[in-house]
Amino acid sequence: WVVTASSLGTARLWSAESGECVRTLEGHRGEVVDAAFSPDGARVVTASRDTTAMLWSSQSGECLRTLHGHEGYLTSAAFGPDNVQVVTASWDCSTRVWNSLSGQCLRTLLHDSVVLSAAFSPDG
């Protein structure tokens, strides 16, 4: 599968083989600027200009959790290699590390400027 983010406030899951849209993930109230699969492929995280990240079941398309805490647009979101931690980056000059199962913000990393991207190393 392929996941895409759109200016219409949705993300889409596509069949890489057929090119067919398999599922549309709807629920954000602003542009979705980034989307990524968990390492096991079971979930998707999306980052939006509505200041939230959302976690989705890739199988059902159901929203499993919304991560609230940033005060500015999100610019990126990614899963850690453990399938549990998520990192988000934002225009509020911060990066946050979350427990995707509980929704708890575990750590806030403050920057001097807008954070455009964040990612975990493969070994966590």
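**View 1. The open sheet of 4 strands has the order 4-5-6-7, and its pairing is antiparallel.** Strand 4 (32–37) and strand 7 are the edge strands; each has a single partner strand, so one side of each is left without a neighbour in the sheet. From one strand to the next, the twist averages 20°. The model shown here and in the other views is predicted.

**View 2. Strand 5 (residues 43–48) and strand 6 run antiparallel and are joined by 5 bridges.** Arg-43 stands opposite Ser-57, which belongs to strand 6. The two strands, strand 5 and strand 6, form a hairpin with 4 residues between them. In the turn of this hairpin, Thr-51 has a positive phi of about 80°.

**View 3. Strand 6 (residues 53–57) is mostly covered, with 5 of its 5 residues buried.** Ala-53, Leu-55 and Ser-57 point one way from strand 6, whereas Met-54 and Trp-56 point the other way. Residues on both sides of the strand are buried: Ala-53, Leu-55 and Ser-57 on one, Met-54 and Trp-56 on the other. Ser-57 is also the residue that Arg-43 stands opposite.

**View 4. Strand 6 and strand 7 (residues 63–67) run antiparallel, with 4 bridges joining them.** The hairpin of strand 6 and strand 7 has 5 residues between the strands. Within this hairpin, Gly-61 takes a positive phi near 80°. Strand 7 stands at an edge of the sheet with a single partner strand.

**View 5. Strand 2 (residues 10–14) pairs with strand 3 (residues 21–26) in the antiparallel sense over 5 bridges.** Trp-14 has Cys-21, in strand 3, as its bridge partner. Between the strands of the hairpin formed by strand 2 and strand 3 there are 6 residues. Gly-19 in this hairpin takes a positive phi near 80°.

**View 6. Val-87 is found in strand 9 (residues 85–90).** The relative accessible area of Val-87 is 5%, so the residue counts as buried, the cut-off being under 20%. Leaving aside neighbours within four places in sequence, Val-87 is in contact with Ser-76, Ala-77 and Ala-78, with Thr-95, Arg-96 and Val-97, and with Ala-118, Ala-119 and Phe-120. Ser-76 and Val-87 are 11 residues apart in sequence, and their C-alpha atoms are 8.1 Å apart in space.

**View 7. The structure holds 1 aromatic pair.** The pair consists of Tyr-73 and Trp-91 and is edge-to-face, at 6.5 Å centre to centre and 75° between the planes. Tyr-73 lies in the loop between strand 7 and strand 8 (74–79), and Trp-91 lies in the loop between strand 9 and strand 10 (94–99), so the pair ties together parts that are 18 residues apart in sequence. Tyr-73 has a relative accessibility of 39% and therefore counts as partly exposed. Trp-91 is likewise partly exposed, with a relative accessible area of 47%.

Conventions: Residues numbered from 1 in each chain as written. Predicted model: local features only at pLDDT ≥ 70, side-chain atom pairs only at ≥ 80, totals over all residues. Heavy atoms only, no water. Buried < 20%, exposed > 50% of the residue type's maximum accessible area, 1.4 Å probe, protein only. Pairing = 2+ DSSP bridges. Axes fitted to C-alpha atoms, helices over the stretch in contact; angles between N-to-C directions. Contact = heavy atoms within 4.5 Å. Phe/Tyr/Trp six-rings, centres within 6.5 Å; stacked < 30°, edge-to-face > 60°.
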